[in-house]
Amino acid sequence: MATGRTHRTATRSRGIPEATVARLPLYLRALTALSERSVPTVSSEELAAAAGVNSAKLRKDFSYLGSYGTRGVGYDVEYLVYQISRELGLTQDWPVVIVGIGNLGAALANYGGFASRGFRVAALIDADPGMAGKPVAGIPVQHSDDLEKIIQDNGVSIGVIATPAGAAQPVCDRLVAAGVTSILNFAPTVLSVPEGVDVRKVDLSIELQILAFHEQRKAGEEAHSDGAGPAAATREGSDDSADQGPDGDVPAVMPA
């Protein structure tokens, strides 16, 4: 059994590293913003800054796509939007189901960015009988008893889990058994899935804890620099490179 690792080999067979795949949505977001402002071309330095990466890494990432900028001109924005969208599979419509329509699930249902990015909320599902039939974001909530039929009727391959932690694994198991092969998990738990199923985990509390760590570190450095020399002394004996991935990135702290 796997726990949230990516098992599909489509991008790997094309020689695109997972780290590059993870950055493609960042480039697409920056490019979309440029396109909306009718910017025709962009340099690697400008696009890298907008995406939050360095330009050398961006050029390497784009080389995997077979896309090379023109010296003195840069990259064609519209072409890159199309190319990255195609690589990410966003040139087709992806029906998505959201399971668990509490506060978070309802917020996700009301998120307006799905449609513009190639995703369509096909159904909202909840275990509470009292929720059945109630519209959320204009979509009537359906009971979880009908989960399998809903998935099959809508041809769903992507499921979003926004349930409490205790319900997440049983829901995951039912989604997978019904044919869902990709899961976005907002529940505060690690899911076990069979080979061939992709899981991405979003844990807001973990991200906040990481920020708290950095805030504490910064406060300690400031206190040290005020009373006992350079703040850099607090890093004595540390080796940041030991925590970095092969591309120099600090690995994402997500148990997915």
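Predicted model: local features only at pLDDT ≥ 70, side-chain atom pairs only at ≥ 80, totals over all residues.
Residues are numbered from 1 along each chain as its sequence is written, and side-chain values use heavy atoms, with hydrogens and water left out.

The chain has 10 helices and nine strands, where helices (H or I, at least four residues) and strands (E, at least two) are DSSP runs numbered from the N terminus. Of the 256 residues of the chain, 36% count as buried; buried here denotes under 20% relative accessible area, exposed over 50%, and partly exposed the range in between, with a 1.4 Å probe and protein chains only. Among contacts (heavy atoms within 4.5 Å) between residues at least 6 apart in sequence, 57% join residues at least 24 apart.

Two packed helices are described by the angle between their axes and the distance between the axes. Helix α3 (residues 44-51) and helix α4 (residues 55-64) pack at an angle of about 100 degrees, with 8 Å between their axes; the axes are lines fitted to C-alpha atoms, for helices over the stretch in contact, and the angles run from 0 to 180 degrees between N-to-C directions. This angle makes α3 roughly perpendicular to α4, on a scale in which angles under 35 degrees count as roughly parallel, over 145 as roughly antiparallel, 65 to 115 as roughly perpendicular and the rest as oblique. Helix α3 contributes Ser44, Glu45, Leu47 and Ala48 to the contact, and α4 contributes Ser55, Leu58, Arg59 and Phe62. These residues divide into four nonpolar, two polar and two charged, with Ala, Val, Leu, Ile, Met, Phe, Trp, Tyr, Cys and Pro taken as nonpolar, Asp, Glu, Lys and Arg as charged, and the others, Gly among them, as polar.

The buried residues of α4 are Ser55, Lys57, Leu58, Asp61 and Phe62. They lie on the same side of α4, because they cover an arc of only 155 degrees around the axis, the arc being that of the directions from the helix axis to the C-beta atoms. The buried residues of α4 pack against α2 (18-36), α3, β2 (75-76) and α5 (77-88). At the start of α4, a side-chain oxygen of Asn54 comes to within 3.2 Å of the backbone nitrogen of Ala56, and α4 is followed by Gly66, whose phi is positive, near 75 degrees.

In helix α8 (residues 147-154), the buried residues are Leu147, Ile150 and Ile151, and they are on the same side of α8 because they cover an arc of only 95 degrees around the axis. The face of α8 turned away from this buried side carries the exposed residues Lys149, Gln152 and Asp153. The buried residues of α8 pack against β3 (94-99), β4 (119-126), β6 and α9 (165-178), and α8 is followed by Gly155, with a positive phi near 60 degrees.

Strand β6 (residues 139-143) includes Val141, which counts as buried at 3% relative accessibility. Leaving aside neighbours within four places in sequence, Val141 is in contact with residues including Ile101, Leu124, Ile125, Met131 and Val136. His143, also placed in strand β6, counts as buried at 19% relative accessibility, and its contacts beyond four places in sequence include Asp126, Asp128, Pro129 and Ile150. The side chain of His143 reaches the backbone nitrogen of Asp145 at 3.0 Å.

Several loop residues complete the description. Asp203, in the loop between β9 (198-201) and α10 (204-227), counts as buried at 11% relative accessibility. The side chains of Asp203 and Ser205 are joined by a polar contact of 2.5 Å, that is, a pair of N or O atoms within 3.5 Å of which, within protein, one must be able to donate a hydrogen and the other to accept it, residues adjacent in sequence counting only if both atoms are side-chain atoms. Ser38, in the loop between α2 and β1 (41-42), has a positive phi near 60 degrees although it is a residue other than glycine, and counts as exposed at 62% relative accessibility. Ala137, in the loop between β5 (135-136) and β6, likewise has a positive phi, of about 55 degrees, without being a glycine, and is partly exposed, with a relative accessible area of 40%.
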